[in-house]
Amino acid sequence: SGLPSGVNIDSSTGQISGTISAVTPGQSVSVTVTDAAAAASSANFTLTAQVATPVVPDQRLDTLLRVGKAYSTQLASRGVDPDLLTWSADAPPPGLDLSPSGLLSGTPTAAGTFTFTAVAASPGASGSGLITVVVKPDREPLSITTNALPRARVRSAYDAGLARIGGVPRFTW
(Lines give C-alpha, C1' and ligand atoms only; values in the text may rest on other atoms or scores of the structure.)
Protein backbone atom coordinates (compact mmCIF):
# COMPACT_ATOMS: atom_id res chain seq x y z
CA SER A 1 0.00 0.00 0.00
CA GLY A 2 1.03 3.62 -0.41
CA LEU A 3 2.55 3.32 -3.89
CA PRO A 4 2.32 6.57 -5.86
CA SER A 5 -0.11 6.89 -8.74
CA GLY A 6 1.14 5.13 -11.88
CA VAL A 7 3.20 2.53 -9.96
CA ASN A 8 2.13 -1.03 -9.11
CA ILE A 9 3.57 -4.15 -7.54
CA ASP A 10 3.53 -7.46 -9.39
CA SER A 11 1.89 -9.81 -6.88
CA SER A 12 3.77 -12.87 -8.19
CA THR A 13 7.31 -11.38 -8.34
CA GLY A 14 7.35 -8.44 -5.93
CA GLN A 15 8.63 -6.17 -8.73
CA ILE A 16 7.55 -2.56 -8.27
CA SER A 17 7.33 -0.72 -11.58
CA GLY A 18 5.57 2.02 -13.47
CA THR A 19 5.94 5.72 -14.15
CA ILE A 20 5.72 8.14 -11.27
CA SER A 21 4.02 11.28 -12.52
CA ALA A 22 4.70 13.62 -9.59
CA VAL A 23 7.47 14.42 -7.14
CA THR A 24 7.16 12.42 -3.93
CA PRO A 25 9.28 13.92 -1.14
CA GLY A 26 9.07 10.82 1.05
CA GLN A 27 6.06 8.64 0.55
CA SER A 28 5.52 5.74 2.97
CA VAL A 29 5.10 2.38 1.26
CA SER A 30 4.09 -0.78 3.12
CA VAL A 31 4.72 -4.20 1.57
CA THR A 32 3.65 -7.64 2.77
CA VAL A 33 4.68 -11.00 1.34
CA THR A 34 2.73 -14.18 2.16
CA ASP A 35 3.81 -17.75 1.44
CA ALA A 36 1.74 -20.88 0.64
CA ALA A 37 1.60 -21.80 4.35
CA ALA A 38 0.04 -18.40 5.15
CA ALA A 39 3.20 -17.09 6.84
CA ALA A 40 3.61 -13.37 6.24
CA SER A 41 6.32 -10.76 6.53
CA SER A 42 5.89 -7.00 6.22
CA ALA A 43 8.26 -4.10 5.67
CA ASN A 44 7.89 -0.35 5.45
CA PHE A 45 9.84 1.77 3.00
CA THR A 46 10.12 5.41 2.08
CA LEU A 47 9.90 6.17 -1.64
CA THR A 48 11.30 9.49 -2.83
CA ALA A 49 10.89 10.49 -6.45
CA GLN A 50 12.75 13.50 -7.80
CA VAL A 51 12.57 15.23 -11.13
CA ALA A 52 15.34 13.94 -13.40
CA THR A 53 17.68 16.71 -14.49
CA PRO A 54 19.01 16.63 -18.04
CA VAL A 55 22.78 16.92 -18.36
CA VAL A 56 24.17 18.73 -21.40
CA PRO A 57 27.92 18.13 -21.60
CA ASP A 58 30.13 20.84 -23.08
CA GLN A 59 30.69 19.94 -26.72
CA ARG A 60 33.15 21.00 -29.43
CA LEU A 61 32.00 20.63 -33.02
CA ASP A 62 34.94 21.19 -35.36
CA THR A 63 34.64 18.76 -38.25
CA LEU A 64 32.71 19.11 -41.50
CA LEU A 65 31.76 22.73 -40.79
CA ARG A 66 32.51 25.06 -43.70
CA VAL A 67 30.99 28.34 -44.78
CA GLY A 68 28.33 27.66 -47.42
CA LYS A 69 28.13 23.89 -46.76
CA ALA A 70 24.96 22.45 -45.18
CA TYR A 71 25.51 20.92 -41.74
CA SER A 72 23.40 18.95 -39.28
CA THR A 73 24.10 17.21 -35.96
CA GLN A 74 22.11 16.16 -32.90
CA LEU A 75 23.38 17.69 -29.65
CA ALA A 76 24.14 15.21 -26.88
CA SER A 77 22.47 14.97 -23.49
CA ARG A 78 22.00 12.36 -20.80
CA GLY A 79 19.89 11.77 -17.71
CA VAL A 80 16.47 12.24 -19.32
CA ASP A 81 14.77 10.50 -22.23
CA PRO A 82 15.61 12.67 -25.30
CA ASP A 83 11.95 12.56 -26.38
CA LEU A 84 11.03 14.52 -23.23
CA LEU A 85 13.45 17.39 -23.88
CA THR A 86 12.89 20.77 -25.45
CA TRP A 87 16.06 22.54 -26.59
CA SER A 88 16.92 26.22 -26.95
CA ALA A 89 20.08 28.26 -27.54
CA ASP A 90 21.12 31.80 -26.76
CA ALA A 91 23.10 32.59 -29.95
CA PRO A 92 24.11 29.79 -32.34
CA PRO A 93 26.62 30.64 -35.11
CA PRO A 94 25.36 32.68 -38.08
CA GLY A 95 23.38 30.46 -40.45
CA LEU A 96 22.81 27.66 -37.91
CA ASP A 97 19.70 27.09 -35.78
CA LEU A 98 18.93 24.76 -32.87
CA SER A 99 15.55 23.04 -33.21
CA PRO A 100 13.39 22.20 -30.17
CA SER A 101 14.46 18.55 -30.66
CA GLY A 102 18.17 19.47 -30.28
CA LEU A 103 19.15 19.32 -33.95
CA LEU A 104 21.78 21.94 -34.81
CA SER A 105 21.49 22.53 -38.54
CA GLY A 106 21.74 25.02 -41.36
CA THR A 107 24.40 26.49 -43.61
CA PRO A 108 27.12 28.48 -41.82
CA THR A 109 27.55 31.98 -43.23
CA ALA A 110 30.68 33.08 -41.35
CA ALA A 111 34.00 31.47 -40.49
CA GLY A 112 35.33 31.50 -36.93
CA THR A 113 34.98 29.91 -33.53
CA PHE A 114 31.57 30.44 -31.93
CA THR A 115 30.48 29.44 -28.42
CA PHE A 116 26.88 29.45 -27.27
CA THR A 117 24.80 27.99 -24.44
CA ALA A 118 22.39 25.17 -25.26
CA VAL A 119 19.60 24.41 -22.79
CA ALA A 120 17.72 21.10 -22.63
CA ALA A 121 14.51 21.36 -20.58
CA SER A 122 12.28 18.57 -19.35
CA PRO A 123 9.11 18.99 -17.29
CA GLY A 124 10.37 20.48 -14.02
CA ALA A 125 14.12 20.66 -14.72
CA SER A 126 16.71 21.86 -17.20
CA GLY A 127 20.40 21.55 -17.90
CA SER A 128 22.78 23.56 -20.04
CA GLY A 129 26.17 23.22 -21.65
CA LEU A 130 28.58 25.26 -23.72
CA ILE A 131 28.68 24.34 -27.39
CA THR A 132 31.76 25.46 -29.33
CA VAL A 133 31.46 25.40 -33.10
CA VAL A 134 34.48 25.90 -35.36
CA VAL A 135 33.45 26.96 -38.86
CA LYS A 136 36.18 26.94 -41.50
CA PRO A 137 36.20 29.22 -44.57
CA ASP A 138 34.62 27.85 -47.72
CA ARG A 139 38.16 26.96 -48.75
CA GLU A 140 41.48 27.18 -47.03
CA PRO A 141 43.52 30.28 -47.86
CA LEU A 142 46.48 29.62 -50.12
CA SER A 143 49.59 29.01 -48.07
CA ILE A 144 53.02 27.43 -48.57
CA THR A 145 53.47 24.72 -45.94
CA THR A 146 57.13 23.91 -46.59
CA ASN A 147 59.05 25.30 -43.59
CA ALA A 148 62.63 24.97 -44.82
CA LEU A 149 64.71 23.80 -47.76
CA PRO A 150 67.08 20.86 -47.29
CA ARG A 151 70.80 21.61 -47.32
CA ALA A 152 72.57 21.56 -50.65
CA ARG A 153 76.11 20.40 -51.58
CA VAL A 154 78.34 22.15 -54.01
CA ARG A 155 78.74 20.24 -57.30
CA SER A 156 75.88 17.82 -56.36
CA ALA A 157 72.42 17.56 -57.83
CA TYR A 158 69.78 19.27 -55.77
CA ASP A 159 66.07 18.45 -55.59
CA ALA A 160 63.55 19.88 -53.13
CA GLY A 161 59.79 19.70 -53.31
CA LEU A 162 57.55 22.50 -52.12
CA ALA A 163 54.08 22.02 -50.65
CA ARG A 164 51.05 24.24 -50.38
CA ILE A 165 47.57 24.04 -48.89
CA GLY A 166 44.27 25.66 -49.87
CA GLY A 167 43.64 27.97 -52.77
CA VAL A 168 41.92 27.33 -56.06
CA PRO A 169 43.40 24.61 -58.34
CA ARG A 170 45.72 25.35 -61.26
CA PHE A 171 48.67 26.62 -59.32
CA THR A 172 51.70 28.31 -60.77
CA TRP A 173 55.02 28.33 -58.91
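Student: In what order do the four strands of the open sheet stand, and what is the pairing?

Tutor: This is a predicted model, in which local features need pLDDT of at least 70 and side-chain atom pairs count only at pLDDT 80 or more, while totals for chains, interfaces and linings use all residues. Residues are numbered from 1 along each chain as its sequence is written, and side-chain values use heavy atoms, with hydrogens and water left out. Strands here are DSSP runs (E, at least two residues) numbered from the N terminus, and two strands pair if DSSP finds at least two bridges between them. On that basis the four strands form an open sheet in the order E5-E11-E10-E7, and the pairing is mixed.

Student: Why is one side of strand E5 and of strand E7 left without a neighbour in the sheet?

Tutor: Neighbouring strands of this sheet are turned by 25° against each other on average, direction ignored, where the axes are lines fitted to C-alpha atoms and angles run from 0 to 180 degrees between N-to-C directions. Strand E5 (59-61) and strand E7 (86-89) each have a single partner strand, so one side of each lacks a neighbour because both stand at the edges.

Student: How many bridges join strand E10 to strand E11, and which residue is the bridge partner of Thr 113?

Tutor: Strand E10 covers residues 112-122 and strand E11 covers residues 125-135, and the two run antiparallel, joined by 11 bridges. Within E11, the bridge partner of Thr 113 is Val 134.

Student: Is Gln 59 buried or exposed, and which backbone oxygens lie by a polar atom of its side chain?

Tutor: Gln 59 has its place in strand E5, and its relative accessible area is 13%, so this residue counts as buried (buried means under 20%, exposed over 50%, and partly exposed in between, with a 1.4 Å probe and protein chains only). A polar atom of the Gln 59 side chain lies 3.1 Å from the backbone oxygen of Pro 57. For the other oxygen the distance is 3.2 Å, and it belongs to Ala 76.

Student: Which side chains meet in the salt bridge, and at what distance?

Tutor: The structure holds one salt bridge, the term being used for a side-chain nitrogen of Lys or Arg within 4 Å of a carboxyl oxygen of Asp or Glu. Asp 62 counts as partly exposed at 33% relative accessibility, whereas Arg 60 counts as exposed at 55%. The side chains that meet are those of Asp 62 and Arg 60, with an N to O distance of 3.3 Å.

Student: What is the length of the polar contact between Asp 10 and Ser 12?

Tutor: Asp 10 lies in the loop between strand E1 (7-9) and strand E2 (16-18), and at 36% relative accessibility this residue counts as partly exposed. A polar contact is a pair of N or O atoms within 3.5 Å; within protein, one must be able to donate a hydrogen and the other to accept it, and residues adjacent in sequence count only if both atoms are side-chain atoms. The contact joining the side chains of Asp 10 and Ser 12 is 2.7 Å.

Student: In the hairpin of E3 and E4, which residue takes a positive phi?

Tutor: Strand E3 (residues 24-34) and strand E4 (residues 40-49) run antiparallel and are joined by nine bridges, with Phe 45 in E4 as the bridge partner of Val 29. The hairpin has five residues between the strands, and the positive phi, near 70°, is that of Ala 38.
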